[in-house]
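Open the structure in a viewer and keep the selection tool at hand. The stops below are meant to be taken in order.

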Amino acid sequence: GTGEHLFAAARARDVSEAYLTALRAFVAEEQEHARLLALVLADLGHPLRTGHWTDRVFVVVRRIKSLRSEVLTLLVAELIALRYYAALRDGVADPQLAGVCARIHADEERHVDFHAATLPAHLARFPAAVRLLVRFLWNVLVTGASVVVALDHGGALRLAGVSRVAFVRDVARLRADLDRRLFAGVGRAPAGG
């Protein structure tokens, strides 16, 4: 995407120009990931999908309310991408695909670190009860999305040497770590991580 909704949500929160610049770099990197993956798929002779129900759900959830909901929803995808692209990077034989996956994984690590450093200040503006609810819902969304990805991409994960169960378990570990970084001081971390 172009990031228009993300930028509009950021401007509505009256964020700094430095933060907007960082968001623009984030969107540009995500667009580059899409371009690289399209090239790899074309090289492998696979057509691009024009749509998928998970993308529609992701867009709807992302645009529910605010900058916080946009970024929290983006973090679901970023977190799952960390494990998914690490699996492909480490488990595919094609050096071109492994290289693209390594680059995407490295970028996603930086994205997660950026959002983990900047989002807690925005989350702190919620009353404590709302933060607890947001924390619970975010954890449920990450867990549900990891299961959907494991089911939908199980074949690719298996070829990369990662079972569906291991993928979901590994995402749960990443989720628990990021949960602590995002919601420090807001209740206990949910079980399962």
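**Before starting**

This is a predicted model, in which local features need pLDDT of at least 70, side-chain atom pairs count only at pLDDT 80 or more, and totals for chains, interfaces and linings use all residues. Residues are numbered from 1 along each chain as its sequence is written, and side-chain values use heavy atoms, with hydrogens and water left out.

**Stop 1: the core**

Select Leu 67, Trp 138, Phe 167 and Leu 182; of the 49 residues in the largest nonpolar core, these touch the most other members. A nonpolar core is a set of buried Ala, Val, Leu, Ile, Met, Phe, Trp, Tyr and Cys residues joined through side-chain atoms within 4.5 Å. Buried means under 20% relative accessible area, exposed over 50%, and partly exposed in between, with a 1.4 Å probe and protein chains only.

Next, colour the helices α1 (4–12), α2 (17–44), α4 (67–91), α5 (95–123), α6 (128–152) and α8 (164–182), the elements that give two or more residues to this core. Helices (H or I, at least four residues) and strands (E, at least two) are DSSP runs, numbered from the N terminus. The largest share of the core, 14 residues, comes from α4.

Now centre on Trp 138. Residues up to four places away in sequence aside, Trp 138 touches Leu 72, Leu 75, Val 76, Leu 79, Arg 175, Leu 178, Asp 179, Leu 182 and Phe 183. Contact means heavy atoms within 4.5 Å.

**Stop 2: α4 with α6**

Show α4 and α6, whose axes come within 10 Å and cross at roughly 40°. That angle makes α4 oblique to α6. Axes are lines fitted to C-alpha atoms, for helices over the stretch in contact, and angles run from 0 to 180 degrees between N-to-C directions. Angles under 35 degrees count as roughly parallel, over 145 as roughly antiparallel, 65 to 115 as roughly perpendicular and the rest as oblique.

On the α4 side, select Leu 72, Leu 75, Val 76, Leu 79, Ile 80 and Tyr 84; on the α6 side, select Val 134, Trp 138, Leu 141, Val 142, Ala 145, Ser 146 and Val 149. This contact divides into twelve nonpolar, one polar and no charged residues. Ala, Val, Leu, Ile, Met, Phe, Trp, Tyr, Cys and Pro count as nonpolar, Asp, Glu, Lys and Arg as charged, and the others, Gly among them, as polar.

While on α6, pick Gly 144. Is Gly 144 buried or partly exposed? Gly 144 is partly exposed, with a relative accessible area of 34%.

**Stop 3: α4 with α1**

His 5, Leu 6, Ala 9 and Ala 10 of α1 meet Leu 67, Glu 70, Val 71 and Leu 74 of α4. By class, the residues of this contact are six nonpolar, one polar and one charged.

**Stop 4**

Finish at His 105, in helix α5. His 105 is buried, with a relative accessible area of 10%. Which residues does His 105 contact, leaving aside its neighbours within four places in sequence? They are Leu 82, Tyr 85, Ala 86 and Arg 89. His 105 and Tyr 85 are 20 residues apart in sequence, and 5.5 Å apart in space, C-alpha to C-alpha.
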